[in-house]
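Please open the structure in your viewer and keep the sequence beside it.

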Amino acid sequence: MRHFRNLLVTLVALLGGMRLSADEVIRIMTGNITSGNLSSYDPGEGNRIFQGLHPDIALIQEMNVGVSPNKNTAATYRAWVTANFGSTFSYHVEPTITNGDIPNGIVSRYPIIAAGEWNDTTMTNRDYVWARINIPGDKDLWAVSVHISSGGGASQRDAEAGEIKSYIQSQVPAGDYLVLGGDFNTTSRTEACITTLSSVVVTTGPFPVDQAGDGDTNNGRGSPYDWVMPDTDLNAVKTTLVIGSNSFPNGLVFDSRLYTPLSAVAPILATDSNSTYPNGSMTNMQHMAVMRAFLIPVNAAPTIASAANTSSVETVTDPDLSVYEIVRSTSIGLSVLATDDAGEAALKYTWSKTAGTSSAVTFSATGTNAAKNCTATFHASGDYILTATAQDVPGLTVTSQVKVRVVQTAGSLTLNPPTATLAVNATQVFTATVSDQFNQPMTSPITWSANGGGTINSSGVFTATTAAGSPFVVTASSAGFSDTSGVTVTRAIATVSLSNLNQTYDGAPKPVTVSTTPAVQGVSILYAGSSTPPVNAGTYAVSATVVDANYQGTASGTLVIAADEWKLWKNTHFTAPEQAAGLAADGADPDADGFSNLAEYALGANPRLFTAPLTGLLDAGGFTITFTRPANLPGIHYAAEVSGDLTTWSPVPLEIITPGAVETVRASEPFGTAAMRCLRLRFERE
């Protein structure tokens, strides 16, 4: 007995969409359609037949693929199945030991959930291969691929049939479907092996035929080598095989030499079922493919017992009569309930957002029976259609929908800036942002208030009016939420200006003049540290400081009280009794030199000494008087005047011709037409 390790390679197809209750047509094909000299599918004729007939399940003999060292590897088989059937097909093939093995295999559109080999005690290069396939409906399908001996004759074939019968009776559940197919090498429909198998499969007609009505399947078309045998249950649901516009009530024996139109089974070529090519080279294809169809009844889909609903107690009906359940938070409870012929506990519920706002919806549970009650979490406001899908074990579904309107609802309020510092009369703009339950800004009316320090308007503009009592609190409120900001009001800056800083001693106090912009309630003034304005001549540092609850500001300067130079001059040259006697009067001339005391002072002369009279210069240009004087002598005004009648006098400009501490000054009068011109100097106290 040969003992083989199971080689099971299964790829489960993902369904493109869940089916509702409907019967499923399954096309089952058997094919010992290798060609060439190596019992292999690599020459390609058999491959094209698989591709053109599109079986759902193929029972394959001599399933050799590839060449050494990649012959019959898992990767080679996977690539071959994908190329000739599709990437979603599953397969199982018995392992090979020697290059002479001709393994049986099964390829299926539906998931293979178990597979293995039953030992053929009469053959050394192959066994009987089986696969349990999860087809639609309530039953699994057991498929058995066999290749019964040709050289051992009818007796050996009958012995092999007896083994197959025993395996089926001992291992295949009576309630499942069964199909037995492959190359039986039988010379008639009544051979002993067929009779032996008739207790486990249906062996009677009507049988598949080609388009000419011939049911024989060997290359010479004289014997029924190849069979697709269903059990009684599967035979009861046999149906017409449809290929393109052709219908075959009992199934098809496919011969590419006879089939029309070949365009319906592309890429098959007319020569693919032939034993020789036109050039005479052998293909060794000795069998025709056989395919039958079965209409599998599918279980009933679940039904909705309680429609999809939310835990909301608020609804709204739109003008188009659509009813939405209102959600004002970020999540809501969901519920749905379905029934099924296999029991509700076997159902699984899947929730999804199938329409509405582009934002995703998160479900706390989905894809399980417990998901019939779950929580939906939203991430944005808007309208949503939530769909609950109840799915039974075979994959049938029923859906129920609930329309949800997530209403933007205030969830928080934030006031900015959180703190502010501003001076009296300044303004600060506060911004209140109301965020919805998803922390997104939303429009909501704001109520503003301030507990002091100023006023705030409906736009959130705070105007500071007083610093007393600072800090203050600004509050914004909306939709039951509020936030506060701290406001510190500082004293405003007032510009302080000092004037009247240059004064002359006269025995009275000499205060400076202070002005502010804007006007304030009080200013403190210090003169060299004292609040009392000084009297005596001198230089005094002055500081002015605003003393007001709402303003601040300072200024500094220097007060200069100038001495009375005229008085000092008189004190220098005259005693107090002389001054009291009038000797120091402005117009007095103590030394009788023709210059009064005021003229002596103006010219920097000594009233006690003779002062030479001023002389004029007469030249071709006119008449000029030149004199000297102390520069910048305070309290005196100099003037030069000209007259032609000693009554009417006109000013003449004074020109400094030699600057310095004692400067030389000139007054000039050009000659004119007048008969007489007089030029004089005049000194006046300011």
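**First stop: Glu-94**

Select Glu-94 and Asn-104: the side chain of Glu-94 reaches the backbone nitrogen of Asn-104 at 2.9 Å.

Where does Glu-94 lie? Glu-94 is in the loop between strand S4 (90-93) and strand S5 (105-108). Helices (H or I, at least four residues) and strands (E, at least two) are DSSP runs, numbered from the N terminus. Glu-94 is buried, with a relative accessible area of 2%. Buried means under 20% relative accessible area, exposed over 50%, and partly exposed in between (1.4 Å probe, protein chains only).

**A note on the model**

This is a predicted model, in which local features need pLDDT of at least 70 and side-chain atom pairs count only at pLDDT 80 or more, while totals for chains, interfaces and linings use all residues. Residues are numbered from 1 along each chain as its sequence is written, and side-chain values use heavy atoms, with hydrogens and water left out.

**Second stop: helix H6**

Select residues 565-573, which form helix H6. Which residues of H6 are buried? They are Trp-566, Trp-569, Lys-570 and His-573. These residues cover an arc of only 95 degrees around the axis, which puts them on the same side of H6; the arc is that of the directions from the helix axis to the C-beta atoms. Now display helix H7 (576-580), helix H8 (597-603) and strand S49 (678-685), against which the buried residues of H6 pack.

Colour the model by pLDDT, the predictor's confidence in each residue, from 0 to 100. The protein averages a pLDDT of 91, and 95% of the residues score at least 70. Select residues 1-21, over which pLDDT stays under 50; the model has 58 contacts for them beyond four places in sequence. Contact means heavy atoms within 4.5 Å. Over residues 277-282 pLDDT also stays under 50, and the model has 6 such contacts there.

**Final stop: the whole protein**

Zoom out to view 8 helices and 49 strands. The C-alpha trace spans about 180 × 70 × 50 Å along its principal axes. Of the 686 residues, 45% are buried.

Definitions and conventions: A polar contact is a pair of N or O atoms within 3.5 Å; within protein, one must be able to donate a hydrogen and the other to accept it, and residues adjacent in sequence count only if both atoms are side-chain atoms.
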